[in-house]
Amino acid sequence: MAFTCSLLVEDRIAKITLTGELDAASAGGFRDKIAEAALLDPRALVLMMENLDYMASAGLRTLIFAKQKMGAGVDIYVIGAQESITETLEMTGFQNSVISLPTYETATIEHA
Amino acid sequence: MDPLTLPATLESLEPLVQYVLSAAAAAGLDRKASYRLRLAVDEIATNIITHGYADAHIDGDVVVNASVDVEQLVITLEDWAPAFDPRVQEDPDHIGKPSDERPIGGLGVFLALKSVDRIDYEYRDHKNRNILTMNRPRAEA
C-alpha cells in the first residue's frame, strides 16, 4: 500500500498520521513533515500509526532526526503501532525513546 | 520461482518486496515471519542500492531468487557492487542511547541480521551473494 503522511498542528501538538508502508523510498516524505512540524516549535510530536502496515530502518532514522530536530524536551508519542512495528522499535532500543500508546489519550498527551 | 532482475534503485524495492512476499506465501510463512523476511530483504537491498552502488558511483542490478524445500525458504540477493559482508558489521553501539544521541545510520543491517533465521554471504567473481533463510512452519501431525 502506498505511503501517505499528513500533518496537523493544534495547541502546539504536532500530529503526523502515517499510512501504508514506510521504507527508504518513502521516508523522505515523513522527514519533510518532521521538518515542517519542527518549524512550529511543538511541545509534543504524535505519530498516528494505526494504519501503518510496515516500517523499515528508514523510519527509525527519521525518529532520530525528529528527536534531534525538536530537542530532547519534546516527547514523541507512537499511537496504535502494530505488533511487528513495535517489535522493530524494541529490537533497536527505540521503545525507550518514544511513548507508545494503543490509542490517542488526551489527558496523557495534551496535559503532560 | 524464476529469479527477478531489477535495477538497483529505490523504485525497485516495491517489485522486489512483492516477489519476496509471494515466495513467503507460497512457503506457508505466517504473517509475522513474512514481515520479518520482508524487512530483512528490504534492508539488505536498500543497503545495496544506497551504499553498495551509490557510494561507488556506479549503476547496476540486483537479482533476487527464491527457493523452497521442505524445511526452508531461501531468498538470495545478488549484486555487483563492491564487496560487503553484512555479518561482519558490529552491532550498533547506540542501542541503549537516547534518540538525540544516536547516529543516523547503522540500523538496517542490524535489523536484517536479527529478523531472519540465518544469513550467509559469499563474494565470488565480483558478485556479492546474500543468502537469507527462514525456516518453514512444521506441518501439523
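This is a predicted model: local features need pLDDT of at least 70, side-chain atom pairs count only at pLDDT 80 or more; totals for chains, interfaces and linings use all residues.
Let me start with the overall picture of chain A. It has four helices and five strands. Reading from the N terminus, the elements come in the order β-β-α-β-α-β-α-β-α. As for dimensions, the C-alpha atoms fill a box of roughly 30 × 25 × 20 Å along the principal axes. How does the radius of gyration of chain A sit with that of a compact globule? For 112 residues, the globule value would be near 13 Å, and chain A has 13 Å, so the two agree. On burial, 44% of the 112 residues count as buried. And if you take the contacts in chain A with a separation of 6 or more, 72% of them come from residues 24 or more positions apart.

Now to the helix pair. Two packed helices are described by the angle between their axes and the distance between the axes. Here the pair is H1, residues 27–38, and H2, residues 57–70, both in chain A. Their axes come within 10 Å and cross at roughly 15°. Because angles under 35 degrees count as roughly parallel, H1(A) is roughly parallel to H2(A). The crossing of H1(A) past H2(A) is right-handed.

Which residues meet there? From H1(A) we have A:Ala27, A:Phe30, A:Arg31, A:Ile34, A:Ala35 and A:Ala38. On the H2(A) side, they meet A:Ala58, A:Gly59, A:Thr62, A:Phe65, A:Ala66, A:Lys69 and A:Met70. By type, the residues of this contact divide into nine nonpolar, two polar and two charged.

While we are on H1, let me point out A:Gly28, which also sits in that helix of chain A. Is A:Gly28 buried or partly exposed? It is partly exposed, because 14 other C-beta atoms lie within 10 Å, and buried would take 20 or more. A:Gly28 is 81 residues from A:Ile109 in sequence, and their C-alpha atoms are 26 Å apart in space.

Last stop, the contact between the chains. Chain B gives 21 residues and chain A gives 19 residues. On the chain B side, the elements giving two or more residues are helix H2 (31–56) and helix H3 (108–115). The largest share of that side, seven residues, comes from H2(B). Sorted by type, the chain B side has nine nonpolar, five polar and seven charged residues.

Conventions: Residues are numbered from 1 along each chain as its sequence is written. Chains are lettered from A and ligands numbered from 1 in the order in which they are written. Axes are lines fitted to C-alpha atoms, for helices over the stretch in contact, and angles run from 0 to 180 degrees between N-to-C directions. Angles under 35 degrees count as roughly parallel, over 145 as roughly antiparallel, 65 to 115 as roughly perpendicular and the rest as oblique. A crossing is left-handed if the near helix is turned anticlockwise from the far one by less than a right angle, and right-handed if clockwise. Two residues are in contact if their C-beta atoms, placed from the backbone, lie within 7 Å. Ala, Val, Leu, Ile, Met, Phe, Trp, Tyr, Cys and Pro count as nonpolar, Asp, Glu, Lys and Arg as charged, and the others, Gly among them, as polar. A residue is buried if 20 or more other C-beta atoms lie within 10 Å of its own, exposed if 12 or fewer, and partly exposed in between; C-beta atoms are placed from the backbone. The radius of gyration is taken over C-alpha atoms; the globule rule is 2.2 Å times the number of residues to the power 0.38.
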